[in-house]
Amino acid sequence: QVQLVESGGGLVQAGDSLTLSCAASGLTFNRFTMGWFRQAPGKEREFVAASSWLVSDPYYADSVKGRFTIPRDNAKNTVYLQIRNLKPEDTAVYYCAAKHACLLSNPDYWGQGTQVTISS
């Protein structure tokens, strides 16, 4: 079965950088759009970033443009989320997601999430 396993979360200070990883198995990785969502306490889950297998350029939520990047390594079946200049409002559970389509709306698969907490 398909598994998406996130890692790299933790407690970090504002202004630091962090890289999350999502290792995928059970799917043809280079035929899936991979991405990240996050859910802050008391808020709905929101889209963060995605890397499509059909479109060369990744796309980002407006709120994270310029600070987040989403490289993927098809040889390792892994997608990353690189975050720089972390802010307290980045505190959330970050979820990896996958969809066999161009866009990441209504993902087919989800990871279990990894907690990121930013201290000011």
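**Exercise 1. Identify the disulfide and place its partners in the chain.**

Solution. C22 and C96 form a disulfide, with sulfur atoms 2.0 Å apart, where a disulfide is a pair of cysteine sulfur atoms within 2.5 Å. The model is a predicted one, in which local features need pLDDT of at least 70 and side-chain atom pairs count only at pLDDT 80 or more, while totals for chains, interfaces and linings use all residues. Residues are numbered from 1 along each chain as its sequence is written, and side-chain values use heavy atoms, with hydrogens and water left out.

The next step is the geometry and the location of the link. The angle about the S-S bond is -80 degrees, and the link of C22 and C96 is left-handed. C22 belongs to strand β3 and C96 to strand β10, 74 residues apart, and the pair thus links distant parts of the chain; strands are DSSP runs of E with at least two residues, and helices are runs of H or I with at least four, numbered from the N terminus. C22 has a relative accessible area of 0% and is buried, as is C96 at 0%; buried means under 20% relative accessible area, exposed over 50%, and partly exposed in between, with a 1.4 Å probe and protein chains only.

The remaining step concerns C102, which is in no disulfide, the nearest cysteine sulfur being that of C96 at 17 Å. C102 is partly exposed, with a relative accessible area of 29%. The count comes to one disulfide.

**Exercise 2. Describe two of the aromatic pairs by distance, angle and location.**

Solution. A pair of aromatic rings is described by the distance of the centres and the angle of the planes. Rings of Phe, Tyr and Trp (its six-membered ring) pair if their centres lie within 6.5 Å, and planes under 30 degrees apart count as stacked, over 60 as edge-to-face and the rest as tilted. A search of the whole structure finds five aromatic pairs.

For F32 and Y109, the ring centres are 6.2 Å apart and the planes stand at 45 degrees, so this pair is tilted. F32 lies in the loop between β3 and β4 and Y109 in strand β11 (residues 109-110), so the pair ties together parts that are 77 residues apart in sequence. F32 counts as buried at 9% relative accessibility, whereas Y109, at 32%, counts as partly exposed.

For F47 and Y59, the centres are 5.6 Å apart and the planes are at 25 degrees, so the pair is stacked. F47 is in strand β5 and Y59 in strand β6 (residues 59-60), 12 residues apart. F47 is partly exposed at 24% relative accessibility, and Y59 is partly exposed at 25%.

**Exercise 3. Locate D90 and list its contacts.**

Solution. D90 is found in the loop between β9 (78-83) and β10 (92-99), and counts as buried at 0% relative accessibility. Leaving aside residues up to four places away in sequence, D90 touches R38, R67, F68, N85, V116 and I118, contact meaning heavy atoms within 4.5 Å.
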